[in-house]
Amino acid sequence: MDWFEREGIKVKFKKWISATAASLLLATSLLGTTAVAHADEVQARTIAQESIYDLLVDRFFNGSGTNDFDTNTQDPSKFAGGDFTGLQDKLKFIGEMGYTIVSIGTIFSTDVYDGSMPTSYTTIEEHFGTAEEFQSVIEAYKANNMSIMVDFPLNNVSPNHEWAKDAAKQDWIATTNNGQVQWDLTNKDVQNALIETATEFASTYNIGGIRLTNIADADTAFINALIDALKGTKDSLYVIANEESDADFDASFSPVTADIYRNIFKNVDMDSSKLMEPFSSDKPTQIMIDSLQTHRFTFDSASENMFPPTRLKMALGALFMLPGIPVVQYGSEIAMNGEAKPDTHQFYNFKTDEELIDYVKNVQSLRNKSATIRNGDFEVITNENGLLVFTRTSDEEQWVIMINNTGKTQRVDFTPAQLGEGKMLNGILHQEKVRINDKDVYPVILDREMVEIYQVREDKGLNLPYMIALGLVWLLFIGFVVVIIKRGKTRRQEQDAIK
């Protein structure tokens with residue numbers, strides 16, 4: 001074994017040890033919340049408790065070659081081969097990141113890989129697979145406590161759409177702009193046809209949600225009628241939109257939300273005064289840093305000469321802890337780049353460094369296990385030019401989240417009146433312990449460009465589970481070193497014998 005091989009093993013083992021330590025410490029830190037989490041899991045989730053992973057079927061994973069006709073992975077404007085089988089193959093990958101809803105875009109027959117030129121509201125795109133394969137994906141994800149959400153476009157369809165080519169439906173067309181057909185959404189026949197096809201789709205497949213898109217020309221009364229009809233197929237069906245609307249969607253959406261979070265987190269020391277604006281709605285709010293229609297957050301942060309993975313940790317750490325519904329675009333966990341589609345819709349590269357993926361897993365694990373983080377009382381302690389500190393509190397537990405999106409180390413002092421007497425703060429991500437000092441405050445100190453999530457616990461001195469976990473990590477490390485030394489000796493003896 002030469003020097004390069006030995007160094008490669010050391011680097012890989014160092015990453016493994018770090019991940020093992022983080023997982024063990026995370027597990028011990030959550031022991032006190034296990035009972036609460038289990039009780040919460042047996043209850044039906046609400047949309048406020050969900051997190052959404054937004055992807056395109058064609059750009060995720062190619063699981064079957066049987067539907068790879070007319071594909072071209074070298075031309076980003078063409079179909080690349082991703083399919084329903086691929087989604088099923090990567091179920092574990094998505095599930096381990098902690099997402100509860102997988103939004104897969106438009107899956108109807110389409111002229112374009114991203115579903116933006118649908119030719120039908122009834123048939124499924126052949127490049128993606130069969131109806132049976134689609135239903136199999138739905139059931140597989142449901143068995144793993146995840147649901148599938150599908151886009152249903154109300155407008156802007158292909159000129160090859162089956163309705164547009166029907167001579168009897170020519171009065172359904174209002175305009176044809178940008179190579180797409182726009183329906184007359186004031187036409188009652190169009191409205192009834194859209195309601196019928198959408199509800200038929202929702203009734204046929206056991207999906208968890210529908211996202212209505214291209215709704216700008218639809219009046220509120222019609223959208224509400226469509227929502228009611230969709231809800232009539234299944235009470236638990238979520239109906240949301242990716243545009244602003246006064247209709248009765250399950251979650252609100254603001255087109256400026258992504259701009260707010262993008263501009264706050266793309267660099268350090270940014271004005272964060274608008275951070276709370278997305279939470280002005282009475283409904284749960286979709287919060288995000290980009291979308292499949294915008295440039296990538298990685299592009300924005302790189303344009304600021306910042307390191308995208310660090311910027312993504314800051315942004316996602318905030319999104320998963322704030323009281324909204326995180327909507328994360330596929331590839332964010334590998335810092336996917338791009339200014340405009342199709343460059344923003346790259347084929348997913350699974351052979352990348354997993355540090356950011358592990359970060360998402362750890363933060364979402366906390367969110368999914370703690371009902372307090374998802375639904376607890378939310379109080380902002382500090383929000384000033386990148387320094388954000390807030391608490392999530394319930395009768396069962398209390399958390400302090402500190403997001404230091406500034407260029408220097410920051411300190412915030414908590415008092416016993418805020419946290420209680422005889423407490424300590426147990427840092428989950430960086431394992432820092434904070435106890436009351438001689439000035440009768442809990443000094444929370446965090447380095448620049450870091451997120452820490454503190455669990456407020458009774459100060460009982462040594463944390464036995466923590467010490468056991470740490471001891472196990474060191475035993476593993478020592479064992480590894482001993483094995484390497486022994487192998488080195490054996491190899492040298494073998495080489496000496498040959499000589």
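## Serine 64 and its setting

Serine 64 is placed in the loop that runs between strand S1 (52–54) and helix H3 (84–89). The model is a predicted one, and in it serine 64 has a relative accessible area of 13%, which is under the 20% cut-off and therefore makes the residue buried. When neighbours within four places in sequence are left aside, the contacts of serine 64 are with Asp83 and Thr85.

## The parallel sheet

Strand S1 also belongs to an open sheet of seven strands, whose order is S7-S6-S3-S2-S1-S9-S8 and whose pairing is parallel. The edges of this sheet are formed by strand S7 (238–241) and strand S8 (286–287); each has a single partner strand, so one side of each is left without a neighbour in the sheet. Within the sheet, S3 and strand S6 (residues 209–213) are paired in the parallel sense over five bridges, and proline 153 stands opposite threonine 213 in S6.

## The antiparallel sheet

Strands of a sheet pair through backbone hydrogen bonds, in either a parallel or an antiparallel manner. An open sheet of six strands, with the order S10-S11-S12-S17-S14-S15, shows antiparallel pairing. Here strand S10 (377–384) and strand S15 (433–435) stand at the edges, and because each has a single partner strand, one side of each is left without a neighbour in the sheet. From one strand to the next, the twist averages 20 degrees.

Strand S12 (residues 398–404) pairs with strand S17 (residues 450–458) in the antiparallel sense over seven bridges, with asparagine 404 standing opposite methionine 450 in S17. Helix H10 (residues 308–321) packs on this sheet and touches strand S11 (387–393), S12 and S17, while the direction of helix H10 makes about 40 degrees with that of S17.

## Pocket and cavities

The table sets out the volumes of two spaces.

| Space | Volume |
|---|---|
| Largest pocket | about 880 Å³ |
| Largest cavity | about 40 Å³ |

The lining of the largest pocket comprises 31 residues, and those that lie nearest its centre are Arg45, Glu50, Thr100, Asn145 and Met146. At least two lining residues are supplied by each of helix H2 (34–41), helix H4 (91–96), helix H5 (131–143), strand S3 (147–153) and helix H11 (355–369). Of these contributions to the pocket, the largest share of the lining comes from H11, with five residues.

A search of the whole structure finds two cavities of 30 Å³ or more. The largest cavity has a lining made up of Ile264, Phe265, Ser272, Leu275, Asn383, Gly386, Leu387, Leu388, Ile403 and Asn405, to which helix H8 (257–265) and S11 each supply at least two residues. Strand S11 is also a member of the antiparallel sheet.

## The protein as a whole

The protein contains 14 helices and 17 strands, and 51% of its 499 residues count as buried. Among the contacts in the protein with a separation of 6 or more, 69% are accounted for by residues 24 or more positions apart. The accessible surface of the protein comes to about 22800 Å², and carbon and sulfur atoms hold 51% of that surface.

Methods. Residues are numbered from 1 along each chain as its sequence is written. This is a predicted model: local features need pLDDT of at least 70, side-chain atom pairs count only at pLDDT 80 or more; totals for chains, interfaces and linings use all residues. Side-chain values use heavy atoms; hydrogens and water are left out. Helices (H or I, at least four residues) and strands (E, at least two) are DSSP runs, numbered from the N terminus. Buried means under 20% relative accessible area, exposed over 50%, partly exposed in between (1.4 Å probe, protein chains only). Contact means heavy atoms within 4.5 Å. Accessible areas come from the Shrake-Rupley method with a 1.4 Å probe; for residues, only the protein chains shown count as cover. Two strands pair if DSSP finds at least two bridges between them. Axes are lines fitted to C-alpha atoms, for helices over the stretch in contact, and angles run from 0 to 180 degrees between N-to-C directions. On a 1 Å grid over the protein atoms alone, a cavity is a set of points where a 1.4 Å probe fits but cannot get out, and a pocket is an open set with protein on both sides within 12 Å along at least five of seven lines; lining residues have an atom within 4 Å of a point. Grid points are joined across faces, edges and corners, and a volume is the space filled by probe spheres set on the points.
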